[in-house]
Amino acid sequence: MIPRMTPRECSCATILGALLALGLCLSPASGQDQGSAPAGTAVSAVVVARAWARATTSDALSGAIYCELRNPTAHDQALRTASAAVCDHCELHVHRIDAQGVMHMSQVDHLTIPAAGTLLLQPGAIHLMLLGLAHGLTQGQSVRVVLRFDDGTVTVVVPILAAGAMGPDG
Amino acid sequence: MRRGVILLIVLFDIGLVAALVAWPHHRPLLAAQTAVAPAEAAPATPRFTLHDSAGQLVTQDTYRGRCELVYFGYSFCPDICPTELGYQARLLKALGADAAQVVPLFITIDPERDTPAHLAAYVTLFDPRIIGLTGSADEVHAAATAFGAWYQRAAPEPGRPALPPGQYLMDHTSSTYLVDPQGRLVGTIDPQGSMPAALAAVRSCR
């Protein structure tokens, strides 16, 4: 069960995260991918790398974010929720193929990143879905997303690539 | 006969998709072996009546003489459709001059929201050569049935926050059908697997 956040709540959390990110400039991974936690919460040990999103039409209501979740700890970690100011709410999605070959997107209540392992979010598979976009996703812009793991949160600035992009490199 | 072809395609897709999901690292090898789903000796010739973004009538005869890549999806699709269209755009680029002999068709399964103008804006994001087609609910359903595609509005999941009115997702088959210049359904291609195999399949479609 993912608690629904209003856009205002999303926005507050994100702005706090952004301010802290600017102030501390935490970037253990690549200097761009890893942000920081919103005020009052711990920074997760999970490293969010190579995050990207696809551009959509300006009136699109939903979009997807992909990334690598790297867990350097000796314990499994779970991604519990995500939030972003650009959308009404975020969901964690996996794809399921039924007996008739039909693709169903299913919401899950968490994603497990194995100890000392990486979970890949990629097109056609596991992804973070933004629902209720206000203005679609525009190529060249970015989306700020707060990910909440078991041990804390991470704020990530996600670049929006071309609609036909297939990976973080285009 | 048509049911046989449809069953064959569905079975192929189940197997292929399941295999791709189960062994993602084996994608290139698997796709190279099965780039084109086998079709029966006398393939079906799917018939459809739809409209393009200019409102022009489009039927199975409109693009006769060229191969068609036919995909059923919807523009508000957040992951699967953009993924497939992204690969199709790459396929078109890789075809080079041969792309002139190919007509990529994106047929909406969500005619309620996919107006012709919106559909055109959407497919152009990927490649201006992709043609968006829509029609009445009955016309779209007939077209999908003719190809063996299936879709329905996704049912709300327990525990999921209710989406605002007008926002919904669609469950659907995700196959790219290859139609030869005579309008015969050759099979499905898998541009997500091996691009060389997909290129060969399209180039040999004549």
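# Exercises on a predicted two-chain model

Five of the five residues of strand 8 (residues 127-131) of chain A are buried, so strand 8 is largely enclosed by the rest of the structure. Buried means that 20 or more other C-beta atoms lie within 10 Å of a residue's own; exposed means 12 or fewer, partly exposed lies in between, and C-beta atoms are placed from the backbone. Helices (H or I, at least four residues) and strands (E, at least two) are DSSP runs, numbered from the N terminus.

This is a predicted model: local features need pLDDT of at least 70, side-chain atom pairs count only at pLDDT 80 or more, and totals for chains, interfaces and linings use all residues. Residues are numbered from 1 along each chain as its sequence is written, while chains are lettered from A and ligands numbered from 1 in the order in which they are written.

## Exercise 1

Describe the two faces of strand 8 of chain A, then find the strands joined to it.

Solution. Start with the faces. A:His127, A:Met129 and A:Leu131 are buried on one side. A:Leu128 and A:Leu130 are buried on the other. Now the partners. Strand 2 (residues 62-70) of chain A runs antiparallel to strand 8 of chain A, with four bridges. Here A:Ser62 stands opposite A:Leu131. Strand 4 (residues 89-97) of chain A is also antiparallel to strand 8, joined by five bridges. In this case A:His89 has A:Leu131 as its bridge partner. Two strands pair if DSSP finds at least two bridges between them.

## Exercise 2

Check the length of helix 3 of chain B, then its cover.

Solution. The expected span is 1.5 Å times one less than the number of residues. Helix 3 (residues 80-95) of chain B has 16 residues, so it should span 22 Å. Its end C-alpha atoms are 23 Å apart, which agrees. Next, the cover. Twelve of the 16 residues are buried, including B:Ile80, B:Tyr87 and B:Leu92. After the helix comes B:Gly96, with a positive phi near 60°.

## Exercise 3

Is B:Leu85 buried or exposed, and what is in contact with it?

Solution. B:Leu85 lies in helix 3 of chain B. It has 26 C-beta neighbours inside 10 Å, so it counts as buried. Contact means C-beta atoms, placed from the backbone, within 7 Å. Leaving aside neighbours within four places in sequence, B:Leu85 is in contact with A:Gly164, B:Phe106, B:Phe126 and B:Ile130.

## Exercise 4

Solution. B:Leu69 stands opposite B:Pro104 in strand 4 of chain B.

## Exercise 5

How far can residues 1-33 of chain A be trusted, given their pLDDT?

Solution. pLDDT is the predictor's confidence in each residue, from 0 to 100. Chain A has a mean pLDDT of 81, and 76% of its residues reach 70 or more. Over residues 1-33 of chain A, pLDDT stays under 50. Where pLDDT is low, the predicted coordinates should not be read in detail.

Methods. Two residues are in contact if their C-beta atoms, placed from the backbone, lie within 7 Å.
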